[in-house]
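Q: I have a structure open and want to read its features one at a time. Where do we begin?

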Amino acid sequence: MRRRYTWNIFQSIEYSGEQAQIKLYNFLGYLMDNFTPSSTERNFLSHIFRENEVCRDVEWERYFCYKSIEVPEIYTGPHLTFPLTVEQVTTMVEAFRNKKQLHSRYVLQLLLETWKLLRLLPNISRISTCHSKEITICGDLHGQLEDLLLIFYKNGMPSLERPYVFNGDFVDRGKDSIEILLILFSFLLVYPNDVHLNRGNHEDHIINLRYGFTKEVLGKYKMHGKRILKLLQKIFSWLPLATVIDQKVLILHGGISNTTDLCLIAKVDRHKYVSALKPPKRVYHRVSLSSTESEVHYDLSSVKNNQRRASFGIRDNFQNRSLQDFSRRIPRTAEQEEEVRRRQSVFIQGGFSQSQKELNYQPGTSEIQQEPSMVDTAEEWRQILDMLWSDPMPDNGCIPNELRGGGCYWGPDVTQEFLNRHNMQLIIRSHECKQDGYEFCHNRRVLTLFSASNYYEVGSNRGAYVKLGPDLVPYLIQYQASSMTRELTVRKTVGKPEHSALKVLREQLFAHKSDLVRAFQEFDKDKTGKIALNDWATAVEVVLNLGLPWRMLCSQLITCKTPGGMLDYQDWFQELSIKEPHMDNIDQGLLETLYRHRSTLETIFRLVDLDNSGLITMEDFRQTWKLLSAFLKMEITDEAISDLSVAIDTNQDGNIDIDEFMEAFRLTDKKSRLERGKSMFMGPTSDLSKQEGDPNV
């Protein structure tokens, strides 16, 4: 039971992070759609919402150009010449094992060759087994090079006799994402018919902003990192979406829905979706209904299929709350206000039955200018989103994936109908961490495969890969990559992830202090400052909604004295609080907001840092907080922001170092995997203040 609840804690925090990133992207998209074209705020955000570049291949090749970059004589890393040979790739793998780095000239050249090849590949790769071959399938690697090297050690490197399928999520969270990409791309170039790469939901530059890959590349390639990231955006969009083995086994990253159609997927222009989070242009039409304090999402694909709601988190309903606060902050012309009122009227009178023509009407626009293929484009996008983001569920049906904020949950009936319709027998997908590295569901018709071991913490889970021969019977191999894992006793293997999960919970509790105080006061009618432990457990679940046995966790989360079973909740908060001494004069509400939304704030910082220097000006710092305050629908005064900036700018140079700022406000230890892509190492959870100063932590 302890192991299960530890797992639930990790997964809940992970999925809430993904949901928060999607909400933030939707919010920024909302601002972009509503700022006037000439506004400075629009320019402030526009670099992440630019339309996909439309240029000739020769222009892209010029962008990839590497010839002017010199490789210095002191460079000791691997050298590449093209076309690549297997010997060169093997040498590069060994260099990465020894912590060496590939020179940026070779990186750009390798990316160019990869892009040329990927453009020739179909959306769905179709491969076959034979009596002399087994195909190896790997799940999420998430930048954990040690896992990939262990797979190669146990199973052998890719070759003509040893084909591989890598099922997406190569990057983010781990510290060696770029090395994993370079290895996989190199083997793809050497064995184009025997190495197959599927796109995952993390092969997306919007997701990379939050989960570490963007920062990793900019840190390792300071001069050409921005260019490398731009090229990887393009390459990610050209990755195939699925692989089919012997016409019987479908391999894709996330899953399916009740509308998934492989015939449609095979025909889409996949490279249009540089970010799978970005819907087709002009599919979304926003309506603010003042009477209901809600936002309405109109998806043109609902005209074709209304069997389930759109699988993607609704842009205008990203927090299931009204966005009228935001619209008040955004200046509109009289003509724009009139258009908003007209659309409200059209929707209220006709609802979703209104024709596409009416809802798309714009003054001065003729009917001929409407795009007739927009419904099909919306359906394409939704299906791609489902393939990258969806998860299976035990119950029949197909419902939106509210937990992640994108994709859907699909049931065994949907699996069976899909397999029957396409004459298949098995779906292999990844996307979810499993304690054993794999899990069967839906009457063993769906196999989830996860190849990143120790994902949440050392000892938290095994990794696995699967081999398929001509009989298509899955043969699973499990492993756990880490010399540290081998040094742990059985007791420590269980205890270390549990301690990590408890510390993550402490951070969540402190970050929700205001909400918890209000919930506690509902039970503390006499304002004594004390509540019963049972009431504490009830209030915490109401606020955090994690479905955990809080009463059982009391002994781990409450270490102050509780005479007569009564808890002094202010003393308890003091126990949770870990603050830098020089922060005492900062507004406490602002600090709590920072702790709770630290990852979102860091993502905005990365967006604001246009030159990728790691520094932002005081003015950009204030602009960032204004965006965050609008996103959270709360007022943050200029005075509070100024106090915070002065406290952070210790050297008084007028700039804020993003990394130093984020580390100054880290309640959990600095190696939190859920946000930074590194392991969480914990000491005893009873005394966090001592733990923070321990050099061994």
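A: Begin with a loop residue: histidine 103 sits in the loop between α4 (86-97) and α5 (104-118). Helices (H or I, at least four residues) and strands (E, at least two) are DSSP runs, numbered from the N terminus. The model is predicted, so local features need pLDDT of at least 70 and side-chain atom pairs count only at pLDDT 80 or more, while totals for chains, interfaces and linings use all residues. Residues are numbered from 1 along each chain as its sequence is written, and side-chain values use heavy atoms, with hydrogens and water left out.

Q: Is histidine 103 buried or exposed?

A: Buried means under 20% relative accessible area, exposed over 50%, partly exposed in between (1.4 Å probe, protein chains only). Histidine 103 has 14% relative accessibility, so it counts as buried.

Q: Which residues is histidine 103 in contact with?

A: Contact means heavy atoms within 4.5 Å. Leaving aside neighbours within four places in sequence, histidine 103 contacts Ile69, Glu70, Val71, Pro72, Tyr75 and Tyr221. With the same exclusion, leucine 102 contacts Tyr75 and Tyr221, among others including Pro78, Met92 and Leu182.

Q: Which residues touch the most other members of the largest nonpolar core?

A: In soluble globular proteins, nonpolar side chains tend to be buried together. A nonpolar core is a set of buried Ala, Val, Leu, Ile, Met, Phe, Trp, Tyr and Cys residues joined through side-chain atoms within 4.5 Å. Here the largest has 58 residues, and Leu102, Phe166 and Leu232 touch the most other members. Another core, of 35 residues, lies apart from it; Phe450, Leu533, Trp536 and Trp550 are among its members.

Q: At what angle do α7 and α10 cross?

A: Axes are lines fitted to C-alpha atoms, for helices over the stretch in contact, and angles run from 0 to 180 degrees between N-to-C directions. Helix α7 (residues 177-190) and helix α10 (residues 225-238) have axes that come within 14 Å and cross at roughly 50°. That makes α7 oblique to α10; angles under 35 degrees count as roughly parallel, over 145 as roughly antiparallel, 65 to 115 as roughly perpendicular and the rest as oblique. Ile178, Leu181 and Phe185 of α7 meet Leu232, Ile235 and Phe236 of α10 in the contact.

Q: Where is proline 474 found?

A: Proline 474 lies in the loop between β15 (463-468) and β16 (475-479). Its relative accessible area is 25%, so proline 474 is partly exposed.
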